Amino acid sequence: MEIGSSAAIQPPGARESTLHPLTALVPRATWATVQAVFWKDWRSEWRTRAALNSIALFSIASPVALSFSVARQRLEPETLAGLLWTVLLFAALVGLARSFVKEEESGTATLLRLSCPPDAVLWGKALFNLVLLVGTQAAAVPIFVLLLNAQLSRAGLLLLVLLLGDVGLAVVSSLLGAIASQARARGSLFAAIAVPLVLPLLVAASTGTAAAFGAVGPQGDFWPALQIMLGYDVAVVTAAWMLFDFVWSA
Amino acid sequence: MLCVRKLAKRYGARVVFRDVNFEVEVGTVAAVLGSNGAGKSTLLKIVAGLTRPTSGRVQWLPTGDAQGALDAEVLQWQCGLAAPDAPVYRELTVGENLEFFGRVRGVELTPDAVLSHLEKFSLHTRRNDLAMDLSSGLRARLQLAVATLHRAPLLLLDEPSANLDEAGRAILQRVVEAQREQGLALIATNDPRDLELCDERIEL
Amino acid sequence: MSTDLMFVLAVAVITWGGVFFYLLRLERLARNLEQQVGDDLTPRPASRHGKGESEDQQ
Amino acid sequence: MVFPFVVGIWVTAGILIGFAVPPIHDGNLILRTRQIAFFHVPMAIAMEVAFLMAAWYGISWLRTRQPRYDALSLAYAEVGTVFCVIATITGAIFARTNWGAYWSWDPQQVGIVTTLLTYAALFALRGAVEDEDKKRNLWAVYAIIGLIVAIFSTMVYRRLLPDNATLHPSNTVITSDALNKFALWFNVIGYIMLLVWMAKLRSRFEMASQRLREVQWA
């Protein structure tokens, strides 16, 4: 009997010829492998909804809770922006380490390490986290704006800030999720190691969002904030790309 | 030829094993023997490049001499592994698991190819069932199916017959026979029946 | 220089002196420890049993 | 064996010089407790050097996998954290005597708190991983990315806030008269030497304790 699929990499044949070209078989991350990881995470998330539920619950419930406590007050744009990003950050912290933590907890990380190019794991999961963030924010941000009576004077700017912030959050949380998932006390450790690293992003995003909510004066100048966020994203993407192999492999 | 030299592993102060040496030729199936806790699983993980040894080295010598020797990082991609602590994705179906592991290995599988591969493991009727709904014996077969998907020159089986019934053992036997043709296999086991499949013994 | 300033200076010098002599003591301690377990800042010979490539390679 | 004594004499001389130089003017203001500046600023610079070295030895570990580089990385991070705490406290005292409040969320203070949080997380991470090599890998990766973000966050606040937002004198001591400048740089060199001495010492203890574990093993 011949074990192995008909579409396998090598044709069957003499021992020497099947064994020799091994060096060429080190897999590289391709768009197809990144997609494979993404869809795998997407399917299993869709069937369990563990991360989605916690992120969505958090990012939708907190604006509601906030609106109860500050309903009578007229909030400054800067305050609103700070509140929005605090909510979004904590929503990200409860859910984004999930995909790596699940791999380690269920033991599937072993086969994934053995079969999948490391870069594909990183970018597949970063893409998944990005989609998760964008998806939940599509619901949470409008609720926030409505319930807290934010004046949305620059909607395009808000979208841009959200997108830049989400890219940074998704990449950082993938790298740090991979780190935290291999340690004890995974969940709490993830928050502890992620918060200091996303603070610069958070500050820049709040400033940009304040401008989108109509802040004037020095706080209304949003270009420095956008530049910083873009720079941060480029920095973390590069760092993650270069360092992930050391985190993931033995 | 798989060549293991002076291999040692410890976790902190706990020594798993020290000074393990062996060679396994292509076309050979070797049994890794040892009492519980002797480090059989750890040895397989080190050979697969999943765990770094404290000292020593694992090499793949394709022609028997040191020319073209592969180190552990390359060797990792030549392994197929089926182990109780290396499960497949529970939330994916049997077919999706195969497709996923094929795709990340660079093997694009048609639905027919998936089906014909599953038939060899008598899993084709359970193709659309979630892996978490399978019995432990069927899940062991699925792990074998994933491990052999990409024709690994090096097949690593950890306690392969633990949950298998008679039909499953027959499948295992065919897998091992086929592996002789395309490479070599290491089987970590305590089951005397598994020894019948093996040509060599490695005592830990 | 005022008396206050002299006082602060004295405190600073005394504190630093304490730290310095403590560090000197640690230095001696480290040397003793290294002599007992083998000098570890120089790479040890690879021939010793059970010590292999992964920790000794240059 | 000469080096510790050089450090000892140098730092002592640095303290004496710091008390001997004439007062500093920040604009029209005469800075009070200016002697702290000759302690605080070198500490802060030495702290930056320490975190740079921690990341550098982290990279060395990832490239060569020699445990002594990891021990050095750990040592520099630890000593750097101690220096960071000292710089924070002396900075707060200085802020109190000159500007009336220990803490005012000045950009400089936000930066140093972020740095402290980062290194606290780094030590938490090291404590939470069991496998030795894994521990060192994760440590090195986080030390590197932590340094990148720390550099980043020092730039962030300055660019986001208006120019007059910080009270922290940025160039006062450095651009004042030659005597003060000399006193400052003399102390910077002294505390960097102290840093190197302490870190080397700490890494020797780390290596010795590792060796003890191995002796137990063999």
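A quick definition to start: pLDDT is the predictor's confidence in each residue, from 0 to 100. Helices (H or I, at least four residues) and strands (E, at least two) are DSSP runs, numbered from the N terminus. This is a predicted model, where local features need pLDDT of at least 70, side-chain atom pairs count only at pLDDT 80 or more, and totals for chains, interfaces and linings use all residues. Residues are numbered from 1 along each chain as its sequence is written, chains are lettered from A and ligands numbered from 1 in the order in which they are written, and side-chain values use heavy atoms, with hydrogens and water left out.

**Exercise 1. Which elements of chain D have the lowest and the highest mean pLDDT?**

Step 1: for chain D overall, the mean pLDDT is 84, with 83% of residues at 70 or more.
Step 2: go element by element, and helix α6(D) (residues 172-175) comes out lowest at 55, while helix α2(D) (residues 37-64) is highest at 91.
Step 3: for the complex, the predictor gives an ipTM of 0.85 and a pTM of 0.86.

**Exercise 2. Describe how α3(D) packs on α4(D).**

Step 1: get the geometry. Axes are lines fitted to C-alpha atoms, for helices over the stretch in contact, and angles run from 0 to 180 degrees between N-to-C directions. Helix α3(D) (residues 67-99) and helix α4(D) (residues 107-128) pack at about 150°, their axes 10 Å apart.
Step 2: list who touches whom, contact meaning heavy atoms within 4.5 Å. Residues of α3(D) including L74(D), T81(D) and V85(D) meet residues of α4(D), among them I112(D), L116(D) and F123(D).
Step 3: sort them by class. Ala, Val, Leu, Ile, Met, Phe, Trp, Tyr, Cys and Pro count as nonpolar, Asp, Glu, Lys and Arg as charged, and the others, Gly among them, as polar. The contact of α3(D) with α4(D) has 11 nonpolar, three polar and three charged residues.

**Exercise 3. Are α2(A) and α3(B) roughly parallel or antiparallel?**

Step 1: helix α2(A) (residues 31-48) and helix α3(B) (residues 94-104) pack at about 155°, with axes 8 Å apart.
Step 2: apply the cut-offs: under 35 degrees is roughly parallel, over 145 roughly antiparallel, 65 to 115 roughly perpendicular and the rest oblique. So α2(A) and α3(B) are roughly antiparallel.
Step 3: on the α2(A) side the contact includes A36(A), V37(A) and R43(A), and on the α3(B) side F100(B) and R103(B) are among the residues.
Step 4: the class tally for α2(A) with α3(B) is five nonpolar, one polar and five charged.

**Exercise 4. At what angle do α9(A) and α10(A) pack?**

Step 1: helix α9(A) (residues 186-212) and helix α10(A) (residues 223-248) pack at about 150°, with axes 8 Å apart.
Step 2: that makes α9(A) roughly antiparallel to α10(A).
Step 3: L201(A) and A205(A) are among the α9(A) residues in the contact, and I228(A) and Y232(A) among those of α10(A).
Step 4: the contact of α9(A) with α10(A) has 10 nonpolar, two polar and one charged residues.
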